[in-house]
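User: I am new to this structure. Please take a close look at a single part and then follow the links between charged side chains.

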Amino acid sequence: MLKALVFDVDGTLAETEDLHRQAFNRAFSALGLPWQWEPALYADLLRVMGGKERFAHYVETAHPRDAEALLARLPEIHGLKTRIYGGLVESGVLRLRPGIARLVAEAKAAGMALAIATTTSRPNVDALLDANFPEGARPFDVIAAGDEAARKKPAPDIFLLALERLGIGPDEAVAFEDSAAGIRSALDAGLPVIATRSRYTPSHRLDGAFSAISDLGEPGHPHGHIAGVSWPGGVVTLSALRDWHDGRDPSERVPDRGM
Ligand code: XBP
Ligand code: MG
């Protein structure tokens with residue numbers, strides 16, 4: 001039986017990634033580092049999950065001779081980036097993606113558990129939730145974030161931690177993801193995955209998701225169907241999710257066809 005919905009954050013709850021990019025760039029400027037990451041470079045760097053790991057990958061590949069000195073400054077650089085990102089989110093520039101608030105409200109009203117499993121740092125999650133849910137009405141029962149997992153996505157650790165905190169098995173939940181690494185992580189934790197493609201994942205293979213769509217959809221604003229299970233009226237509702245989950249063949253997966 002379906003008992004919980006487990007959401008990724010960046011690219012899934014909201015289109016946050018460009019704000020992460022801007023926050024990195026502002027931190028670089030403030031600290032006198034002569035780089036500005038353009039969107040195309042950032043899309044490439046996003047193959048490495050986690051901001052600290054992404055920065056480390058960048059300096060090791062683009063500035064290998066200075067890498068040791070730059071890595072020693074990682075806590076300072078990433079700490080400033082996190083504070084800048086928090087300030088940008090607080091200013092209200094990020095809205096939840098289509099269908100997120102609606103599906104979360106439907107699940108809450110039905111007494112279903114809600115969880116977050118994300119690579120991003122916890123202060124970033126708090127900032128996004130504070131900006132988008134009324135004070136004292138945060139719908140998520142469990143948040144598993146950032147360095148709480150030993151290994152970041154695509155390893156399954158963060159989804160496994162969310163399931164452990166929920167006290168349920170992977171066959172009792174559905175995961176929502178936007179990236180290839182996130183899908184891999186959720187699948188390896190045993191969860192069925194719905195993929196909603198995001199601004200920074202247009203070229204990602206969404207293989208393994210049982211349904212790949214543009215977004216969750218809203219009544220009157222249906223989503224685009226990409227592959228796999230399709231949803232009545234182009235809207236993922238709790239009732240349609242339950243129908244799929246409780247009537248499915250658990251071995252059902254979207255075949256590998258390069259979505
Ligand atoms: C996406 C990420 C994150 C953010 C940056 O995570 O890789 O690292 O880009 O956040 P997800 P930090 O899709 O799992 O939410 O700088 O705090 O790591
Ligand atoms: Mg994501």
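Analyst: Arginine 102 touches Leu216, Gly217, Glu218, Pro219, Val235, Val236 and Thr237, leaving aside residues up to four places away in sequence. In this predicted model, arginine 102 belongs to helix H6, which covers residues 100-109. Its relative accessible area is 14%, under the 20% limit, so arginine 102 counts as buried.

Another arginine, arginine 199, has a relative accessible area of 51% and is exposed. The side chain of arginine 199 forms a salt bridge with that of aspartate 18 (3.9 Å, N to O). Because arginine 199 sits in the loop between strand E5 (193-196) and strand E6 (211-213) while aspartate 18 sits in helix H1, this pair ties together parts 181 residues apart in sequence. Aspartate 18 is buried, at 10% relative accessibility.

The structure holds 21 salt bridges. One of them joins the side chains of lysine 52 and aspartate 147 (2.8 Å, N to O). Here too, distant parts of the chain are linked: lysine 52 is in helix H3 (residues 51-62), and aspartate 147 is in the loop between strand E3 (142-145) and helix H8 (157-166), 95 residues apart. Lysine 52 is partly exposed at 23%, whereas aspartate 147 is exposed at 52%.

Aspartate 126 is in helix H7 (residues 122-132) and arginine 138 in the loop between H7 and E3, so the parts tied together are 12 residues apart in sequence. Arginine 138 is partly exposed, with a relative accessible area of 32%.

Definitions and conventions
Residues are numbered from 1 along each chain as its sequence is written. Chains are lettered from A and ligands numbered from 1 in the order in which they are written. This is a predicted model: local features need pLDDT of at least 70, side-chain atom pairs count only at pLDDT 80 or more; totals for chains, interfaces and linings use all residues. Side-chain values use heavy atoms; hydrogens and water are left out. Helices (H or I, at least four residues) and strands (E, at least two) are DSSP runs, numbered from the N terminus. Buried means under 20% relative accessible area, exposed over 50%, partly exposed in between (1.4 Å probe, protein chains only). Contact means heavy atoms within 4.5 Å. A salt bridge is a side-chain nitrogen of Lys or Arg within 4 Å of a carboxyl oxygen of Asp or Glu.
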